[in-house]
Structures are given as structure tokens and as C-alpha cells.
Amino acid sequence: MGMGQLTTSDGVRLVYRDSGGEGFPLVMLHGWGQTQEMFRHQTAGQAPARRVITVDFRGHGHSDKPHHGYRIARFAADVLELVDHLGLDRFDALGWSMGSSVWWSFIDQYGTGRIRRFVSVDQPAAVAAVPWMSTEEQEQSGAIIDVAGLVALGAQLAGPDGERVRYDFVRGMFSGDPDPELLSFVGEQIKSTPAHAGVPLLFDHAAQDWRDVLPRIDVPTLVIGCDGSHVHPRSQRFVAERIPDARLHVFPAGVANSHFPFLENPAAFNAVVGTFLAHADA
């Protein structure tokens with residue numbers, strides 16, 4: 001498992017992992033405030049059939065935490081620089097949570113020419129319920145917060161009680177009683193994103209509306225949801241319906257009961273993703 005780093009065109013050092021090997025490349029992107037450690041069970045679990053690549057976004061994990069570039073469009077540019085750096089002409093793309101939005105931005109700007117297959121895990125088409133969306137549109141798009149709530153959350157995260165607010169935010173992504181070890185692991189990872197990075201990024205991320213991009217995704221796509229997640233599965237159904245010929249897989253609460261199916265039940269998650277990608281291998 002090789003650790004590597006690259007310096008982006010705007011001078012930011014990003015830390016990535018590359019399992020290497022002969023397998024077809026799978027580039028996996030993590031969510032807001034989290035790290036590539038989210039995929040610790042996939043890096044080994046998907047290899048050697050695939051070459052698995054993960055990265056800590058700027059402001060996250062072991063990557064630099066500069067005071068610039070905390071917007072989804074720049075993150076997509078960082079991913080383009082990563083795949084160029086690794087010389088990947090074709091790859092499979094998986095995004096979880098905000099990581100899916102980064103792929104949507106990537107596709108919006110650079111197209112799907114290099115993407116063979118796409119997996120979107122538990123990300124609504126729009127995070128913030130803006131007043132110009134009808135109630136029905138807000139429900140479909142999966143908006144989980146209104147604009148006033150988003151502004152208030154940003155202020156709390158930037159405030160003196162920010163660390164507790166971050167932890168509570170993450171705790172809300174689990175239903176029932178999560179495994180204490182898993183909860184503390186996720187709570188620990190989010191500490192690596194300082195408020196100067198996390199707050200403007202969350203605001204930019206939540207303000208995006210990707211509904212117009214979805215119908216233009218012209219590669220085989222798998223959309224994954226979770227009954228126990230704070231992201232309602234109906235929003236995942238909506239995403240799968242908007243992307244031509246996409247398939248949908250929703251994990252029942254008995255299999256995975258949170259926003260983190262790949263950590264909670266790696267075997268089930270790896271099997272679903274592995275089966276989908278194997279169709280392309282054949």
C-alpha cells in the first residue's frame with residue numbers, strides 16, 4: 001500500500017494512498033470533515049482485483065490545511081490533478097457523501113470521458129432546502145437543512161464550542177446505538193479538519209444543487225442508500241431515477257444502520273460495489 005503525495009497547481013500538498021497492482025483503478029472520495037481512513041476496509045477488501053486509490057482532500061486528514069480553496073469546484077480540480085499525476089486515463093469513480101458532489105462537479109466541468117463506472121454513496125442531489133424549491137422538490141432532492149439552519153450550523157462550528165458541535169453533527173448520522181468504537185473513530189477523524197477549512201467548505205457544499213448534472217451522467221452508475229442514514233433513501237431513489245439507467249441499492253437497517261455502510265458492514269458494502277464493478281471487468 002503506497003502512500004504518496006502531490007502538490008496541486010495552487011501549492012497544496014495532498015496525501016493519497018495507492019494500492020498499486022494490475023487491477024483496474026478505483027478512485028474513492030471521502031465526505032466532509034472525514035478522511036481516506038473511511039475506506040480502510042475497501043483498500044484491502046477490493047484489492048487485488050482492483051487498484052484502489054484514496055486521498056485526503058485539502059483541509060482534511062494528513063493533507064495540507066491552507067487558507068484557500070475550500071469549494072467543491074476546487075476539490076474537483078484537485079481530483080483531476082490527482083488522476084493526471086497517477087497517469088490514469090480510465091478509472092472507476094466512487095464518492096461518498098460530499099465525495100459524490102465532488103464527482104458531480106468533476107463531471108460537470110470535465111465530462112465523463114475518463115470514468116468507466118460511477119458509484120454514488122448516500123449523497124442528496126441538493127443539501128440545503130432553498131426557498132425557490134417547492135416542498136416536493138425539497139423532499140426529492142433530499143435537502144437535510146434549510147438555509148437559516150445552514151448559516152446557524154456554520155456559526156456554531158466556527159464558534160468556541162465547535163468541537164462538540166462537530167461531534168454531535170457526526171453522531172446524528174447514525175441511527176440507534178452505534179458501535180462505540182466506530183463512533184469514536186469517526187469522531188476522531190473529523191478533528192483533523194479545522195474550522196477555517198470545514199466551515200466555508202460546508203457552506204459551499206450545502207449550497208450546490210446538482211439536479212441538472214444527474215441526467216448528463218452517461219456512464220453505468222450505482223446509487224447506494226441506507227435505511228438508517230440521516231440521508232433519506234427516497235433522495236437516493238430520486239438520484240437513481242435522474243441518472244439514465246442507474247441502479248439503486250438501499251441497505252436495510254439490519255445490514256447497515258448509518259451514513260457509513262462501508263465501515264459498519266464492509267463485507268456487504270464491498271460485495272455490492274465489487275459485483276457492480278465486476279460487470280465492467282467482464
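Guide: Welcome! In what follows, Lys and Arg count as positive and Asp and Glu as negative, leaving out His and the chain ends, and each charge is placed at NZ of Lys, CZ of Arg, CG of Asp or CD of Glu. This is a predicted model, where local features need pLDDT of at least 70 and side-chain atom pairs pLDDT 80 or more, while totals for chains, interfaces and linings use all residues. Residues are numbered from 1 along each chain as its sequence is written, and side-chain values use heavy atoms, without hydrogens and water.

Visitor: How far apart are the mean positions of the positive and negative charges of the protein?

Guide: The protein carries 23 positive and 33 negative charges.

Visitor: What is the radius of gyration of the protein, and why does it agree with a compact globule?

Guide: The C-alpha trace spans about 50 × 40 × 40 Å along its principal axes. For 282 residues, a compact globule would come near 19 Å, by the rule of 2.2 Å times the number of residues to the power 0.38, with the radius taken over C-alpha atoms. The protein agrees with this, because its own value is 17 Å.

Visitor: What share of the residues in the protein is buried?

Guide: A residue is called buried under 20% relative accessible area, exposed over 50% and partly exposed in between, using a 1.4 Å probe and protein chains only. Among the 282 residues, the buried share is 56%.

Visitor: How many helices and strands does the protein have?

Guide: They are DSSP runs numbered from the N terminus, with at least four residues (H or I) for a helix and at least two (E) for a strand. The count is eleven helices and ten strands.

Visitor: Are the rings of Phe-57 and Phe-75 stacked, tilted or edge-to-face?

Guide: Rings of Phe, Tyr and Trp (its six-membered ring) pair if their centres lie within 6.5 Å, and planes under 30 degrees apart are stacked, over 60 edge-to-face and the rest tilted. By this rule there are 13 aromatic pairs. Here the centres are 4.9 Å apart and the planes stand at 45°, so the pair is tilted.

Visitor: Where do Phe-57 and Phe-75 lie in the chain?

Guide: Both residues are buried, and they are 18 residues apart, linking distant parts of the chain. Phe-57 lies in the loop between strand E4 (50–55) and helix H2 (72–85), and Phe-75 lies in helix H2.

Visitor: Is Tyr-110 buried, exposed or partly exposed?

Guide: Tyr-110 forms an edge-to-face pair with Phe-106, with centres 5.2 Å apart and planes at 75°. Both lie in helix H3 (residues 98–110), four residues apart, about one turn of the helix. Phe-106 is buried at 3% relative accessible area, whereas Tyr-110 has 34%, so it counts as partly exposed.

Visitor: Which peptide bond is cis?

Guide: Look at the loop between helix H1 (40–45) and E4, where Pro-48 lies. With omega near 0°, the cis bond is the one from Ala-47 to Pro-48.

Visitor: Is Asp-245 buried or exposed?

Guide: Asp-245 is not a glycine, yet its phi is positive, about 60°. It lies in the loop between helix H9 (233–242) and strand E10 (247–251). Its relative accessibility is 77%, so Asp-245 counts as exposed.
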